[in-house]
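Look at the fold below before you read on.

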Amino acid sequence: RADSRVVWIDSDLSLGSPLREVDDAYALLLALRSPELTIAGVSATYGNAPLAGTTARLRKSLGAFGGT
């Protein structure tokens with residue numbers, strides 16, 4: 001992907017938690033599938049859920065969405 005934009009994704013993904021938003025999970029899925037982006041890395045942060053929860057959910061989602 002020589003002509004793609006290199007990005008870093010920082011996420012407070014809380015997909016699967018009660019009463020949580022799905023926007024980070026949807027954005028991650030779109031980014032992973034985009035031919036216009038090269039993902040340099042992904043990191044978890046707290047916000048919508050505690051850090052331990054967002055980290056676990058981010059790892060699980062990357063596996064499910066085909067990220068590494």
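Gly41 counts as buried because its relative accessibility is 11%. Buried means under 20% relative accessible area, exposed means over 50%, and partly exposed lies in between (1.4 Å probe, protein chains only). Gly41 sits in strand S2. Helices (H or I, at least four residues) and strands (E, at least two) are DSSP runs, numbered from the N terminus.

This is a predicted model: local features need pLDDT of at least 70, side-chain atom pairs count only at pLDDT 80 or more, and totals for chains, interfaces and linings use all residues. Residues are numbered from 1 along each chain as its sequence is written, and side-chain values use heavy atoms, with hydrogens and water left out.

Which residues does Gly41 touch, not counting residues up to four places away in sequence? They are Val7, Trp8 and Ile9. Contact here means heavy atoms within 4.5 Å. Take Ile9: Gly41 and Ile9 are 32 residues apart in sequence, yet 6.4 Å apart in space, C-alpha to C-alpha.

Now the whole chain. The chain has 2 helices and 2 strands. Along the sequence they follow the pattern β-α-β-α. Among contacts with a separation of 6 or more, 70% join residues 24 or more positions apart. Some overall values follow.

| Property of the chain | Value |
|---|---|
| Buried residues | 35% of the 68 residues |
| Accessible surface | about 4,600 Å² |
| Part of that surface on carbon and sulfur atoms | 57% |

Accessible areas come from the Shrake-Rupley method with a 1.4 Å probe; for residues, only the protein chains shown count as cover.

Next comes helix H1, residues 23-33. Its buried residues are Asp24, Ala25, Leu28, Ala31 and Leu32. Seen down the axis of H1, they fall within an arc of 130°, so they line one face of the helix. The arc is that of the directions from the helix axis to the C-beta atoms. An α-helix has 3.6 residues a turn, so residues three or four places apart point the same way. On the other side of H1, Tyr26 and Arg33 are exposed. The cover over the buried residues of H1 includes strand S1 (5-11), strand S2 (37-44) and helix H2 (51-65).

Finally, the core. The largest nonpolar core has 10 residues, among them Ile9, Leu28, Leu37 and Phe65. Such a core is a set of buried Ala, Val, Leu, Ile, Met, Phe, Trp, Tyr and Cys residues joined through side-chain atoms within 4.5 Å. H1 and H2 are the elements that give two or more residues to this core. H1 supplies the largest share, 4 residues.
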